[in-house]
Amino acid sequence: MSDASPVLATDARRVAVMTVLTVLAGAVDAVSFLTMGKVFCALATGNVLFLSFGLAGEGDVPWARSAVAIGAFMAGAAGAGVALAWLAGRGRPWFPVGLVCEAVLLVCAATLALARHGTGAIPAQDDRGVVALVALAMGVRASTVLRVHVPGMPTLLSQTAIAELINDVLRRPRAALHGMTAKQRLARTRWTATVGGIFSGGVLGTLLVPLGTGRALLVIAAVVLLLAAVGTVAPSREKEPVPDSP
C-alpha cells in the first residue's frame with residue numbers, strides 16, 4: 001500500500017499548523033521573559049525550576065511571578081480540557097474554539113499591559129495580572145494541542161523533540177530524506193519543526209520586544225486568530241496518532 005495515504009496528508013496539514021503554533025509559543029516566552037520580569041508563560045518547566053530556586057532561597061529569581069504563571073497555566077489547561085472534551089463529545093469544532101479562547105486571553109493581557117504601562121519597550125516589569133492572563137492562554141493551548149494528537153509536537157517545549165531527532169538519526173545515520181518512508185520523513189519533519197519553531201519563535205519574540213508587551217501580544221494573538229479562521233486546522237474529532245515509524 002502506498003505511503004501517501006489520506007491520513008498522512010491530513011497529518012501533514014496538522015504539522016504545518018502545529019509548527020506555526022510552536023513558533024508563536026517561542027515568541028510568547030521571549031516576550032514574557034524579556035518584558036515581564038524573567039518569567040516563562042509557556043515553558044512551565046522553567047517556572048517550576050524558578051519557583052524551586054526561590055523557595056530554597058538561592059539566586060535572584062522571580063519565584064512569585066513563577067508561582068502565578070504555574071497556577072494560571074494549570075487553570076487554563078484544566079478549564080480547556082473540560083470544555084474541549086465537552087465540545088468534542090458532541091461533535092462540535094473544538095480546535096478553533098481552543099485557538100479563539102487562547103487569542104482572546106492574549107488580547108486581554110495585551111489590553112491590560114497597554115492600559116497600565118503604555119507602549120514602552122519593557123512595560124510590564126512587575127505586572128502579575130498580565131503574567132496570569134498570558135499563562136492562562138498557554139494552558140488553554142496545552143490542552144488544545146494535546147487533543148490534536150500530533151506526536152512530537154506539543155508546541156510548548158522542544159527537549160523531547162531534540163532527543164527523538166538525535167536518536168532517530170543515530171538509528172539511521174545513513175538515511176537521507178529520500179531513503180526513508182513517508183511516515184519516517186514526517187516524523188523527522190515534526191521533530192525538526194518543533195526545535196526550529198521554538199528557536200524561530202524566540203527570535204521573533206525578541207524582535208517584537210521593542211513594540212512593548214501589549215503590542216507584541218496583540219501581534220501574536222492576531223496570528224492565532226488567523227489560524228483559527230484558516231480551513232487547514234485540525235478536524236473536530238480526534239484521530240489516532242500516526243506512528244513515528246512503521
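## Helix packing exercises

Pro 96, Leu 99, Val 100, Glu 102, Ala 103, Leu 106, Val 107, Ala 109, Ala 110, Ala 113 and Leu 114 of α4 are in contact (heavy atoms within 4.5 Å) with Thr 213, Gly 214, Arg 215, Leu 217, Leu 218, Ile 220, Ala 221, Val 224, Leu 225, Leu 227 and Ala 228 of α8. The model is predicted: local features need pLDDT of at least 70, side-chain atom pairs count only at pLDDT 80 or more, and totals for chains, interfaces and linings use all residues. Residues are numbered from 1 along each chain as its sequence is written, and side-chain values use heavy atoms, with hydrogens and water left out.

**Exercise 1.** Classify the packing of α4 and α8.

*Solution.* 
- Step 1: helices are DSSP runs of H or I, at least four residues, numbered from the N terminus.
- Step 2: α4 and α8 (residues 213–229) pack at about 165°, with axes 8 Å apart. Axes are lines fitted to C-alpha atoms over the stretch in contact, and angles run from 0 to 180 degrees between N-to-C directions.
- Step 3: α4 is therefore roughly antiparallel to α8 (angles over 145 degrees).
- Step 4: by class, this contact has 18 nonpolar, 2 polar and 2 charged residues. Ala, Val, Leu, Ile, Met, Phe, Trp, Tyr, Cys and Pro count as nonpolar, Asp, Glu, Lys and Arg as charged, and the others, Gly among them, as polar.

**Exercise 2.** Do the like for α2 and α3.

*Solution.* 
- Step 1: α2 (residues 44–55) packs on α3 at about 140°, axes 8 Å apart.
- Step 2: Asn 47, Val 48, Phe 50, Leu 51, Gly 54 and Leu 55 in α2 touch Trp 63, Ser 66, Ala 67, Ala 69 and Ile 70 in α3.
- Step 3: these residues split into 8 nonpolar, 3 polar and no charged.

**Exercise 3.** Locate the salt bridge.

*Solution.* 
- Step 1: the criterion is a side-chain nitrogen of Lys or Arg within 4 Å of a carboxyl oxygen of Asp or Glu.
- Step 2: the structure holds 1. Glu 102 pairs with Arg 141, with the closest N and O atoms 2.9 Å apart.
- Step 3: Glu 102 lies in α4 (residues 94–117) and Arg 141 in α5 (residues 128–148), 39 residues apart.

Technical notes: Helices (H or I, at least four residues) and strands (E, at least two) are DSSP runs, numbered from the N terminus. Angles under 35 degrees count as roughly parallel, over 145 as roughly antiparallel, 65 to 115 as roughly perpendicular and the rest as oblique.
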